Amino acid sequence: NDAQIPGVNSNWYFLQDADDGQLLRCGDSLVNLSPALLIGSAPSPSAPAPIPTLAPAPATLPTLPPVDSTSDVIIRSPWGRAIASWLICEVVDPSKHVPLTFSWKRDGVIIAGASNLGYLIIADDEDTEITCSITTSTSPGTEVVSDPILIGAIFEHPVSPLTPSPVVAPTSTTPAPVVTPAPIVVPPNNGKLDILDFSPHLAEDTPFSVLPDETVRARVDLVAPYIRGIRTFACYNGLETIRYAKSLGMTTVAGAWMDSRRGESQAELNCLINLAKTGVVDLAVVGSEVITWNGLSASQIIDYINQFKAAVPDVPVTTAVKYEALIQTQNHQVIAACDIVYVNFYSFWSGYHIEQALSVLIQEYGDIVTLSGDKPVWISETGWPSNGSCANGAAVPNAANQERYLSEVLEWTTKQDIVLSWFDAFEAPYKDGSEGCNVASHVCRSCMLYCSFCHQS
């Protein structure tokens, strides 16, 4: 009904009960909106419902006002901040201009190599005016230039003072018992990776399916010589991975896949609770990047965490959160709810050159340590693509950069005694076009993240 749905910023959306009888539409900018669709019979958490029938809405629905700009091209920030952030060069009216090429300028001078839809602000941009321009297929040879934007202090990092946030009482009807989980003991290093983010699926498998136990064990055996711990993302297809890894003496980090589908999420949580009660789970992870992508608020994920605590108080529990989400003030309460702070850091997806990648990781990790007080901070995901059809800003996907990033991160985390989860075990071509380079300026097609140790297997 033309009201923004909080937290929904992906190219897909799970229907909720509140959508029943409502008009939904999506938009890729402030002015480009789809026709509205009438939703009928939204799914109930108690039982699956038929796929709703989508009917076109009346053509008289109001549209959002145009962007306030004197140019047909505007600059915006996808993260709403201008510190170590991407800028996006956007055409106000795509029906008027179809971009062919992009160019970024600093005080009127072309920035070498800045020829993509997105541009990452760097220290040289401080106190300068940045513009973007396009050439179009509708007006060959004509350059359309944006209004300039003045860049302020770049690396006054973070955006707001990152002092430890006050403890916020979780809004849950299920009080967590006062039980302190035992600390997790990660086996001695011995030159192995702390934890490997793991899905047993290969290219020939049906994505996200439940594989036979013997197949799962064979895939775990492929990576077992190189790792000390293993992490899964979902419970329904991760049971045998956790059980078998535990039998091999590994640290086990078991996940439950959470999203706005309440019935499915509750089933995943119940699965994780039952698995943890068998004694094979060292750390439970309730959701992965759920605040960013999967339509749950911080308070909702805290409610799920508290359900787990009430059921299995002696097993540490957390949720995996992107760095960019956790530093936002409204999400600090998640830290208070977690036994271990579990954070995804990706210099590649932020568009940094390999020369800067480790220093950015160190800086961002320090921000979260400051926020977390005495709580341990683990790296839940980091990595670098070994291949891809294009660069993400200054970040180039190739095997040499992946090897360098892995080597530097391992050296740093080992010296600092930081627990590292590397993403991830095997190539996942089924993720191309969704989790892949569409995250980065929507121009790449085939970036795959996989473990340098075991990709040859």
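**Exercise 1.** In which segment is Asp424 found?

*Solution.* In this predicted model, the place to look is the segment after β19 (421–422), where Asp424 is found.

**Exercise 2.** Locate Asp107 and Asp417, and decide for each whether it is buried, partly exposed or exposed.

*Solution.* Begin with Asp107, which lies in the loop between β6 (99–106) and β7 (109–110) and has a positive phi of about 50 degrees although it is not a glycine. Its relative accessible area is 48%, and since exposed means over 50% and buried means under 20%, Asp107 counts as partly exposed.

**Exercise 3.** Describe the largest nonpolar core and the surroundings of Phe308.

*Solution.* The largest nonpolar core has 78 residues, and those that touch the most other members are Met258, Val281, Val286, Ile301, Phe308, Val334 and Ile368. Helix α8 (residues 354–372) supplies the largest share of this core, seven residues. Next, leaving aside residues up to four places away in sequence, list the contacts of Phe308, which include Leu269, Leu272, Ile273, Val315 and Pro316. Finally, a second, separate core of 16 residues can be found, with Phe102, Ala114, Tyr119 and Ile121 among them.

Technical notes
Residues are numbered from 1 along each chain as its sequence is written. This is a predicted model: local features need pLDDT of at least 70, side-chain atom pairs count only at pLDDT 80 or more; totals for chains, interfaces and linings use all residues. Side-chain values use heavy atoms; hydrogens and water are left out. Helices (H or I, at least four residues) and strands (E, at least two) are DSSP runs, numbered from the N terminus. Buried means under 20% relative accessible area, exposed over 50%, partly exposed in between (1.4 Å probe, protein chains only). A nonpolar core is a set of buried Ala, Val, Leu, Ile, Met, Phe, Trp, Tyr and Cys residues joined through side-chain atoms within 4.5 Å. Contact means heavy atoms within 4.5 Å.
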